[in-house]
Amino acid sequence: VINIITKKNRNKWFLDASYSYGSFNTHKSYVNFGQTFRSGLTYEINVFQNYSDNNYYVDTPVKDFTTGAINKKKIEHVKRFHDTYHNEAVIGKIGFVDKKWADRLMFGFTYSHMYKDIQTGVRQEVVFGGKYRKGYSIMPSLDYRKRDFFVRGLDVVLTANYNKNMTNNVDTSSYEYNWRGEMRPLRMPGEQSYQNTRSNGTLTANYRIGKAHTFTFNHVINAFRRSNQSLLNEDSEANAIPKETRKNISGLSYRLMPTEHWNLSVFGKYYNQFIAGPVATSSAQDDYIRTTNSVSAMGYGAAGTYFILKSLQAKLSYEKAYRLPTNEEMFGDEDLETGDISLRPENSDNVNLNLSYNETFGKHSVYVEGGLIYRNTKDYIQRNISDLSGGKYGATYVNHGRVETKGYNISVRYGFANWVSVGGNFTQMNVRDNVKTVTSGTNQESLTYGARMPNLPYQFANSDVTFYWRNLWKKGNTLSVTYDNLYMHSFPLYSEAVGSESEFVVPTQFSHNLTLSYGIQNGRYNISFECRNLTNEKLYDNFSLQKAGRAFYGKVRVYFGN
């Protein structure tokens, strides 16, 4: 578990601003400023924007409008032409810090806006030229923190936010496009599904109370409600029924730490989820009823750590864990993803064993870590690609019986004084289909039994090295040069039992990045240049959606504050 605690600024005032520009007409800017008065009154304003044309080249088969076919053996080098994306946001916070009744009490408000052209569906050979998505979000929030709440050793953290999100999916084009940008009229409007729909909503609240030395109690409430409105079909029965979830997760843990050499934790978690939404009552999907479902489960586990030597630590943990389906897995995205409200939670038995060694010898520092992972999962939630009519594709989610995971990871890092840091890690995750028979109660063995689960990378590694030149040209200035890479072994898009043709495999990828940065006056002013995918490798997302090639970016940043 990684606990990320954001910086709580205590400066009287500060200003942090940056701007970057790079390939594919990419712009990113950020401004954060705030002030804290002697009375404890504090405020902070954060504004940012992102924009990119995303008009990089991809290699893909192209549909021939003359024949209506896609020759998958003929690959063309084409440019993305309909993938503009931008989002903007402003975040304001005001409150008090360092008071007797609160270490921190902040009220916040966020407004954000986004626009995204939809260039492809879930498969790259399907291309769009008129689909887009836009929306906005407003979110008030509350953050309250107090140490030694009423009694010494009792710490309270309360965070809550309400997020109202309006998304507009538009697919009304009367033309079909191919990757060359050619277009031809459609018999019916809509490149994927004729729609112009609007959706809204999430509500999230989190409450945590804990005593760090012995007991911790945590409760998370998450409520979601999405209502749709079709601007093309006002009488849609499915849209008339909202989609809702309510999740309650409670956790209680006890930690025993008699000495600094070892400690032991035991914990329990209670999960409850309520789901409601429309379900079709006919194969024609012209009649819907509101269907509800509720699931509850109890998870538990234990974890311990022991220092065998001063620099050698062993860690062992076990958990009976549950993963509740996400909103997208249950309800889809109202466009390319189709959910299933009958999905059951994943449940698994997880065991982790870890050894780490950390030591410093004068100017030399060494860190080595290795871990073993075992996971036996039931009702594994799997994302599949489904063929739709007219040569179109969509994504669906299903529970897939049993899946077994065995894996390990190794990490190494070496540092010399303040001059160089070099390290890397390697991970192998063997995720296998553990369903023996085709259907329950039969003896017919499944063809995919023992095969790797599809569309999951199973072997990957990365490494990096950074050199520092401190006080270069002037005291307080630092030049750093970083090289890093990412390796990912090829993995099958579909089960290995289906076949191993190249079109069903995401190829091996090995990308390289280079970054040069110069900090002035102990980081008050910063200039950096970055080259991503230095050797212009072909990189892919899951399901073989190609990512950008070589790209260059420059960034300037300033920080002021007393």
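In this briefing, a residue is called buried with under 20% relative accessible area, exposed with over 50%, and partly exposed in between (1.4 Å probe, protein chains only). K269, at 29% relative accessibility, therefore counts as partly exposed. The structure is a predicted model, in which local features need pLDDT of at least 70 and side-chain atom pairs count only at pLDDT 80 or more, while totals for chains, interfaces and linings use all residues. Residues are numbered from 1 along each chain as its sequence is written, and side-chain values use heavy atoms, with hydrogens and water left out. Strands (E, at least two residues) are DSSP runs numbered from the N terminus.

**Salt bridges**

- A salt bridge is a side-chain nitrogen of Lys or Arg within 4 Å of a carboxyl oxygen of Asp or Glu, and the whole structure contains 22 of them.
- One of these joins the side chains of K116 and D83, at 3.5 Å from N to O. The pair links distant parts of the chain, 33 residues apart: K116 belongs to strand 9 (residues 102–117), and D83 to the loop between strand 7 (76–79) and strand 8 (85–99).
- K116 is partly exposed because its relative accessible area is 28%, whereas D83, at 6%, is buried.
- E244 and R290 also meet through their side chains, at 3.2 Å from N to O.
- E244 is buried, with a relative accessible area of 13%, while R290 is partly exposed at 45%.
- K269 forms a salt bridge with E319, at 3.4 Å from N to O. The two residues are 50 positions apart and link distant parts of the chain, E319 lying in strand 20 (residues 312–323) and K269 in strand 18.
- Salt bridges that share partners join K63, E176 and R184 into one network.

**Nonpolar surface patch**

- A nonpolar patch is made of residues with over 30% relative accessible area and no salt bridge, their side chains (Val, Leu, Ile, Met, Phe, Trp, Tyr) being joined within 5 Å.
- One such patch on the surface has about 1100 Å² of accessible area together, and its members include F215, Y254, L256, W262 and L355. Accessible areas come from the Shrake-Rupley method with a 1.4 Å probe; for residues, only the protein chains shown count as cover.
- At least two residues of the patch come from each of strand 15 (215–226), strand 17 (243–259), strand 18 (262–280) and strand 19 (288–309).
- L256 lies in strand 17 and is partly exposed, because its relative accessibility is 34%.

**Backbone angles**

- Most residues other than glycine have a negative phi.
- N25 has a positive phi of about 55 degrees although it is not a glycine. This residue is in the loop between strand 1 (13–22) and strand 2 (26–36), and it is partly exposed at 28% relative accessible area.
- N471, which is not a glycine, has a positive phi of about 55 degrees. The loop between strand 26 (459–470) and strand 27 (478–488) holds N471, which is partly exposed with a relative accessible area of 47%.

Key:
Patches are made of residues with over 30% relative accessible area and no salt bridge: like charges are joined within 9 Å, nonpolar side chains (Val, Leu, Ile, Met, Phe, Trp, Tyr) within 5 Å. Helices (H or I, at least four residues) and strands (E, at least two) are DSSP runs, numbered from the N terminus.
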